[in-house]
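Hi,

Here is the structure I promised to pass on to you. My notes on what turned up in it follow below.

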Amino acid sequence: MSETTNTPYGTLPAASPLPPRKPVSLPRLQEMRERGEKITMLTAYDATFAAVADAAGLECILVGDSLGMVCQGLASTVGVTLETMCYHTESVVRGLRRVQGTAWVIGDLPFGSYQESREQALRSATALMQAGAHMVKLEGGGWTTETVRFLVERGIPVCAHLGLTPQTVHALGGYRVQGRGDLAAEQLRRESLALQDAGAAMLVLEMVPAALATEVTQSLARCATIGIGAGKGTAGQVLVMHDMLGINLRKNPKFVRNFMQGQDSVRAAMAAYVAAVKDGSFPDDSLHAW
């Protein structure tokens with residue numbers, strides 16, 4: 001099968017060599033969680049890489065505010081604006097539409113776009129959904145619970161995010177492992193359950209001990225956990241695309257694998273990532289003994 005397809009807009013990645021799949025939906029992701037099939041997710045920020053990721057078999061594409069660091073060269077995600085997030089979400093969605101993509105698109109609510117009030121969160125989430133996102137993601141527990149409930153009640157699917165929350169990196173004292181110690185672990189357990197009860201359908205767990213992430217995953221009956229630096233016991237995995245391709249501007253975290261090694265294309269590297277998550281060979285829990 002050809003590796004590319006010609007369109008009026010130029011040459012784009014061909015459809016996946018895997019059997020044709022229906023568009024990924026929230027019920028399908030929930031079914032995957034229930035039967036124990038790992039969910040795969042990568043970040044993407046433009047049309048071409050989104051199309052490549054879809055062709056490689058990714059179920060989910062996260063238009064992450066990590067673009068501030070890997071695309072804009074910022075020191076953190078704090079400077080990313082809602083306008084920027086909408087622009088990149090639109091770009092990703094256009095890329096998927098050109099190749100009849102099927103991936104589930106999640107858009108990050110950036111810092112300052114949902115903290116003021118539930119109504120502000122609704123306006124920001126509406127902007128991302130109108131840009132083409134299927135789901136929005138926000139960081140933190142506790143006070144965010146009612147915001148999640150408010151959005152879900154209005155028909156907006158929500159992915160929550162606990163553990164290391166990059167938007168509050170200054171308050172956390174840097175990019176440090178979270179959930180260590182009995183009190184911190186109990187808080188993460190409590191906030192996970194509260195977010196599920198509020199209606200969050202997915203939950204990113206970032207840089208938390210693997211044993212704790214596994215415990216939280218097993219305690220949630222309806223919410224699919226997605227790990228990053230949290231071991232293999234979660235329902236799925238996510239990585240920043242630039243990290244897993246080995247082309248970032250900083251040193252990779254120790255839990256990241258460079259999937260470009262031994263591959264002859266970005267698409268092959270992404271497919272290798274999908275295969276490794278599905279068969280359990282990634283991540284390596286020996287690298288998560290926080």
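Contact here means heavy atoms within 4.5 Å, and helices (H or I, at least four residues) and strands (E, at least two) are DSSP runs, numbered from the N terminus. The model is predicted, so local features need pLDDT of at least 70 and side-chain atom pairs count only at pLDDT 80 or more, while totals for chains, interfaces and linings use all residues. Residues are numbered from 1 along each chain as its sequence is written, and side-chain values use heavy atoms, with hydrogens and water left out.

Let me start with helix 6 (residues 144-153), whose buried residues are Thr144, Thr145, Thr147, Val148, Phe150 and Leu151. Buried means under 20% relative accessible area, exposed over 50%, and partly exposed in between (1.4 Å probe, protein chains only). Their cover includes helix 5 (118-130), strand 6 (135-137), strand 7 (158-163) and helix 8 (182-198). Gly155 follows helix 6 and has a positive phi, near 85°.

Next, the strands. Strand 3 (residues 39-43) and strand 4 run parallel, joined by three bridges; a pair needs at least two bridges found by DSSP. Met41 stands opposite Cys60 in strand 4. From strand 4 (residues 60-63), Cys60 and Leu62 point one way and Ile61 and Val63 the other, and all are buried.

Finally, Ala47, Ala50, Ala51 and Asp54 in helix 2 meet Ser91, Val92, Gly95 and Leu96 in helix 4.

Enjoy looking through it!
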